[in-house]
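Please look through the structure below before reading on. The paragraphs after it take a few parts in turn.

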Amino acid sequence: MLTVTATGGVTLDTKVASALVTTTAAGSIDIDETDTIRLVDISTHNGNIDVTAGDINVNTVVAGGPGDVNLHSADAIIGNGTGATDVTGNLLTASAANAINLDTTVAIANVESTSSGAVSIDETDHLTLQQVFTADGPITVNAGGKLTATLVDSSTTQSDANDIL
């Protein structure tokens, strides 16, 4: 596991299985991983978090300040599966070729599955779905408060399995 603690921003090009990266003062975290990565605990005191990788397995990602979280995967973005919050921040932008399944505490979400795979978001409170797309898969969103949907589309491949719930 890669462990980094910094007083400012962190930029990493990695080939690791897992990472624990923290900033203790203002600064963003940018991780470019060559393949699969488990985000054990990625947190900023006040800044954005950007991660690009093959598969992204999320345990805890917290963009303090509140900052924004950007996750880009060549395969899937999957949360820890415990029901605990995986991603905390202001704006979540998540793009993956396949499935995206996250428990969140964010204000706004832009989420896209570009090939095949379901999108599932379980939000703790209010959420605005600014743009949510799937090329071939259903969209499921649960919010603990007000849910506002601006643009949600699962129609690229017409199928009864590609419902919006």
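A residue is called buried when its relative accessible area is under 20%, exposed when it is over 50%, and partly exposed in between, with a 1.4 Å probe and protein chains only. By that rule leucine 12 is buried, because its relative accessibility is 17%. The model is a predicted one, in which local features need pLDDT of at least 70 and side-chain atom pairs count only at pLDDT 80 or more, while totals for chains, interfaces and linings use all residues. Residues are numbered from 1 along each chain as its sequence is written, and side-chain values use heavy atoms, with hydrogens and water left out.

Leucine 12 lies in strand β2, residues 10–14. Strands here are DSSP runs of E of at least two residues, and helices are runs of H or I of at least four, numbered from the N terminus. Contact means heavy atoms within 4.5 Å. Once neighbours within four places in sequence are set aside, leucine 12 is in contact with Leu2, Val4, Val21, Asp30, Ile31 and Asp32. Asparagine 101, by comparison, is 89 residues from leucine 12 in sequence and 25 Å from it in space, C-alpha to C-alpha.

Two strands are said to pair if DSSP finds at least two bridges between them. Strand β10, residues 77–78, pairs with β13 in the parallel sense over two bridges, and isoleucine 77 stands opposite isoleucine 100 in β13. Strand β11, residues 87–88, also runs parallel to β13 and is joined to it by two bridges. There, threonine 88 has threonine 105 of β13 as its bridge partner.

Leucine 102 has isoleucine 121 in β15 as its bridge partner. Strand β15 covers residues 119–123; Val119, Ile121 and Glu123 make up its covered face, and Ser120 and Asp122 its uncovered one.

What does β15 pair with in the parallel sense over five bridges? The partner is strand β17, residues 139–143. Isoleucine 121 has valine 141 in β17 as its bridge partner.

Proline 138 sits in the loop between β16 (127–134) and β17. Proline 138 counts as partly exposed because its relative accessibility is 25%. Between proline 138 and alanine 118 there are 4.9 Å in space, C-alpha to C-alpha, although the two are 20 residues apart in sequence.
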